[in-house]
Amino acid sequence: MADEPLVLGIETSCDETGVGIVRGTTLLADAVASSVDEHARFGGVVPEVASRAHLEAMVPTIERALKDAGVSARDLDGIAVTAGPGLAGALLVGVSAAKAYAYALGKPLYGVNHLASHICVDQLEHGPLPEPTMALLVSGGHSSLLLSSDITSDVRPLGATIDDAAGEAFDKIARVLNLGFPGGPVIDRYAKEGDPEAIAFPRGLTGPRDPAYDFSFSGLKTAVARWIEAKRAAGEEVPVRDVSASFQEAVVDVLTRKAVRACRDEGVDHLMIGGGVAANSRLRALAQERCEAAGIRLRVPRPKLCTDNGAMVAALGAEMVARNRAASSWDLSADSSLPVTDPHVPGNHDHVHEVSKENLYS
Amino acid sequence: MLLLALDTATPAVTVALHDGTAVIASSSQVDARRHGELLLPAVDRVLAEAGVKLDAVTAIAVGVGPGPYTGLRVGLMTADTFGLALGVPVHGLCTLDALAYAADIGSGPFVVATDARRKEVYWATYADSRTRLTEPAVDRPADIAGKVAGLPAVGAGALLYPDTFPAVHEPEHVSAAALASLAAERLAAGEELPAPRPLYLRRPDAQVPRNYKVVTPK
Ligand SMILES: [Zn+2]
């Protein structure tokens with residue numbers, strides 16, 4: 001529909017420079033430039049390397065998105081950008097670009113929340129989000145259970161990881177197994193040929209007295225690393241496929257069990273899963289199985305929309321326009337710890353916004 | 001010609017508008033922590049003061065540093081994106097050159113130094129306010145004392161290390177007005193200005209911080 005808002009979204013919270021364009025809930029372009037290869041030899045994302053790459057990639061990626069979408073920048077109804085949470089220096093590159101672009105084009109600017117964007121992106125795949133929606137966000141940076149009755153104004157955190165993010169655990173185990181970085185895809189691949197019940201790794205925070213919706217992957221990570229080291233110390237070969245499958249099973253078992261329980265407890269009949277780990281084939285399969293058994297409809301976007309991208313930011317920006325949410329002001333700042341309860345950063349602050357304690361200059 | 005100049009490579013967030021003859025509006029704020037917040041409102045103020053809209057601008061000049069990276073990128077990303085949206089050329093100028101251009105020193109040679117943090121300075125030497133003699137570099141003041149001995153100095157980096165830079169002249173901070181005037185002069189002389197790419201001078205700290213990527217509030 002031509003009267004739906006046409007929005008360009010910019011995402012730079014980690015190592016992907018993403019620029020997406022949507023019209024309402026229709027995806028028109030999803031251009032991504034990744035610096036992941038530059039981080040591989042360090043075994044994790046190096047913030048300064050990511051920030052430098054964002055600066056170089058931004059203009060070409062905007063140009064590519066406009067070309068892919070076949071639209072003119074003049075026709076945009078708004079510019080959306082990830083204001084946080086994320087790496088401070090990386091976020092600031094995207095925020096600077098979005099502000100300059102919106103200002104130069106005379107368009108409203110929407111600083112939006114990265115986590116809410118991960119949820120909203122599913123509108124591009126499966127149509128408008130049911131209200132309420134339960135969302136399980138799992139990536140290298142986040143592992144949260146969120147309940148949203150309106151993605152532009154009400155996102156409630158039910159639980160989150162108390163230590164490592166799920167994706168982080170994949171990266172660390174891949175490092176112990178010498179499988180490289182990032183760890184998610186390669187462990188998924190090896191796990192397909194392994195036995196998920198070969199080794200009984202612990203399920204974190206699943207005891208009767210543990211918080212129902214919080215996650216912990218640190219103990220699992222240590223248990224897997226110890227098991228591998230013990231094998232090596234005994235001079236035995238490490239069964240990479242079985243370790244991968246058993247470790248992965250421990251992660252996705254807890255994730256899906258808690259997500260389904262949250263849906264049941266809250267009386268929500270839709271579960272969406274987003275974030276990079278949502279690309280994991282075993283997570284998708286087990287979630288499908290358990291949701292079906294519980295009468296819950298599962299919504300998982302295609303993998304490219306699950307990882308960080310600009311389309312998800314544009315999707316949330318379009319929703320902000322459609323629902324007449326206040327635009328951000330020109331002094332919008334990058335907020336590395338933007339609370340998940342703030343889906344966007346409106347210009348007329350009705351709350352005092354704490355100035356970042358970090359020195360963004362260094 | 002209407003040239004918009006900006007520089008965020010140092011603690012100064014500075015913007016100026018030059019009409020080919022003179023600077024017609026400018027703004028400078030010194031705040032090392034809020035480059036991202038201050039720059040766009042400053043651009044907006046400067047344009048309003050001159051009574052023009054951004055789309056009247058025909059070229060952009062931006063300080064490419066050297067400077068601490070996070071702040072430096074705010075100006076470069078803003079300039080790059082303005083250039084894209086407006087379809088106008090974006091020129092890069094060395095931030096130290098703009099400081100030298102504004103130096104309150106009769107005749108050279110002299111040295112310009114800005115604060116590089118970590119007990120180091122970004123610096124270069126000049127024959128006069130328009131002629132740089134050395135490539136911009138980053139060093140500990142004590143290590144370059146011999147090279148700059150006897151030279152008067154300009155810039156906040158020099159003020160920090162009086163042992164190495166005993167004679168310091170104005171200005172302390174770079175101004176986009178000076179950057180704009182220098183760019184306008186060079187463009188009028190038919191010079192080609194460099195591309196707006198950052199002068200980092202240091203490799204990134206290649207360390208993955210503990211709990212990298214952990215962004216969900218606890
Ligand atoms: Zn993410």
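Helices (H or I, at least four residues) and strands (E, at least two) are DSSP runs, numbered from the N terminus. This is a predicted model, in which local features need pLDDT of at least 70 and side-chain atom pairs count only at pLDDT 80 or more, while totals for chains, interfaces and linings use all residues. Residues are numbered from 1 along each chain as its sequence is written, chains are lettered from A and ligands numbered from 1 in the order in which they are written, and side-chain values use heavy atoms, with hydrogens and water left out.

Q: Why is Leu205(A) called buried?
A: Buried means under 20% relative accessible area, exposed over 50%, and partly exposed in between (1.4 Å probe, protein chains only). Leu205(A) has 17% relative accessibility, so it counts as buried. This residue sits in the loop between helix H7 (183-191) and helix H8 (218-233) of chain A.

Q: What makes Arg118(B) partly exposed?
A: Its relative accessibility is 47%, so Arg118(B) falls in the partly exposed class. You can find Arg118(B) in the loop between strand S6 (110-115) and strand S7 (121-128) of chain B. Here too is a residue other than glycine with a positive phi, near 50°.

Q: What makes up the side of chain A that touches chain B?
A: Helix H2 (47-69), helix H3 (88-105), strand S7 (143-150) and helix H6 (166-176) of chain A each supply at least two residues. Contact means heavy atoms within 4.5 Å, and 58 residues from chain A and 49 residues from chain B take part.

Q: How do you know how much area chain A and chain B bury between them?
A: Buried area is the accessible area (1.4 Å probe) that two parts lose on being put together, summed over both. For chain A and chain B this comes to about 4,500 Å², 66% of it on carbon and sulfur atoms.
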